[in-house]
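User: I would like to learn how to read the features of a structure that is new to me. Could you take me through a few of them, giving the general idea before each case?

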Amino acid sequence: MGESLSLLKDGTHGSYESVQQGAWLLSAKNIINNRVVITSNDRKISENDFKKIHDKFQLRKGDVLLTIVGTIGRSAILKEANKLTFQRSVAYLRPDENILTSSDFLFSLSKSSNFQNQLKKRTVISAQPGIYLSDIDKLNITIPEIKKEQDKIASIIITIDNILSLQQRKLKQLERLKTAMLQQLLANQRFPKVRFNDFKDSWKDYRLGEVFDEFSVKSKRENEYKLLSSTTSGMESRSGRVSGRSNIGYKVIDNGDIVLSPQNLWLGNINLNNMGKGIVSPSYHTFKIVNANPIFVNFQLKTEKMLFEYKMVSVQGASVVRRNLDMDAFKKIVIKIPNEKEQIKIASLFSSISNIINNHQNKLTQLSTLKKYLLQKMFI
């Protein structure tokens with residue numbers, strides 16, 4: 001590896017006082033999603049300290065940054081080298097122009113499974129994982145001799161990275177939009193400020209015990225139905241048994257049933273099952289929705305106000321992060337529900353948004369899989 005670089009160096013090992021005005025002193029935590037991310041909370045050091053650090057060398061636009069302490073192997077191309085430097089958790093890799101055509105190729109190479117696997121094998125585990133510069137120097141890499149081939153490979157990987165970044169931003173924007181609309185349209189008020197046209201009736205109060213009808217149908221045969229699990233991100237299909245135990249006696253659920261975990265419900269582990277007939281662990285509570293549209297209720301159950309309500313009726317366990325639900329108190333939580341037509345309208349809107357988010361997530365997964373495949377094939 002070292003033979004293809006004109007600079008291989010890590011960031012400063014020194015300690016410096018923080019100042020209000022000066023140069024940024026960054027670290028591995030600032031290398032996020034192939035970019036250098038700087039926030040107002042990051043440290044600055046004095047101009048004099050910055051000059052001392054870079055007395056004998058200067059960072060350049062196009063240097064490849066590689067995290068070498070803590071989380072190993074994240075990388076980024078330095079886009080702006082003015083008044084910023086890094087701690088020793090980041091290494092600087094500058095391509096030798098006689099061997100490597102560009103930083104783009106070196107950056108793409110750093111993402112390959114071959115490169116990452118070699119980093120992993122050479123990582124030293126102590127207080128926190130780390131890799132020595134001397135071991136980076138010894139990494140075995142394969143480089144096309146023809147510069148145009150390097151350019152072609154780099155162009156493909158960088159293009160996919162750019163598309164991935166765009167897709168990630170779109171996904172975050174959609175998720176923020178959904179959260180904002182949940183807060184506005186499902187404000188759990190008698191007369192919400194934001195509503196569809198033609199709906200003016202008061203929303204009515206119901207206790208969850210009036211909306212939920214708890215049930216428990218047990219499976220009678222081994223592997224009678226597929227095994228499902230409820231998580232904070234939704235219902236998931238699981239393979240195999242739980243802890244190797246028999247799944248006879250697990251609870252049988254169907255589409256439209258509500259599944260909740262009594263532990264940490266306040267984090268959002270409550271879901272409408274949309275994965276067909278299956279079984280879930282006996283530790284879950286399972287409900288049918290009565291007197292309301294199940295899809296509407298599902299979205300209402302996910303609002304920040306409702307998550308706060310769950311927290312209030314959860315009992316702190318022995319561990320700080322674990323809370324067990326008081327089911328009697330849970331069933332007394334009041335939820336406000338509009339007439340049937342307004343429920344359907346709201347449910348349809350949020351279902352559409354959720355479908356769009358899922359489609360974007362699927363595209364993101366497909367792009368990530370494509371990138372991984374190309375990195376495996378292009379960098380042997």
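Analyst: What follows treats a sheet, a helix and some salt bridges in turn. This is a predicted model, in which local features need pLDDT of at least 70 and side-chain atom pairs count only at pLDDT 80 or more, while totals for chains, interfaces and linings use all residues. Residues are numbered from 1 along each chain as its sequence is written, and side-chain values use heavy atoms, with hydrogens and water left out.

User: What is the order of the strands in the open sheet of four strands?

Analyst: In general, strands of a sheet pair through backbone hydrogen bonds, either parallel or antiparallel. Strands here are DSSP runs of E with at least two residues, helices are runs of H or I with at least four, and both are numbered from the N terminus; two strands pair if DSSP finds at least two bridges between them. In this structure the open sheet has the order 13-12-17-14, with mixed pairing. Strand 13 (234-238) and strand 14 (251-253) stand at the edges with a single partner strand each, so one side of each is left without a neighbour in the sheet.

User: In which sense do strand 12 and strand 17 pair?

Analyst: Strand 12 (residues 226-231) and strand 17 (residues 278-280) pair in the parallel sense, over two bridges, and the bridge partner of Lys 226 in strand 17 is Gly 278.

User: How many residues of helix 2 are buried?

Analyst: A residue is called buried under 20% relative accessible area, exposed over 50%, and partly exposed in between, using a 1.4 Å probe and protein chains only. In helix 2 (residues 103-110), seven of the eight residues are buried, so this helix is largely enclosed by the rest of the structure. Among the buried residues are Phe 105, Leu 106 and Phe 107.

User: How many salt bridges does the structure hold?

Analyst: A salt bridge is a side-chain nitrogen of Lys or Arg within 4 Å of a carboxyl oxygen of Asp or Glu, and the structure holds eleven. One of them joins the side chains of Asp 135 and Arg 122 (3.4 Å, N to O). Asp 135 lies in helix 4 (residues 133-137) and Arg 122 in helix 3 (residues 113-122), so the pair ties together parts that are 13 residues apart in sequence.

User: Is Asp 135 buried or exposed?

Analyst: With 14% relative accessibility, Asp 135 counts as buried, whereas Arg 122, at 27%, counts as partly exposed.
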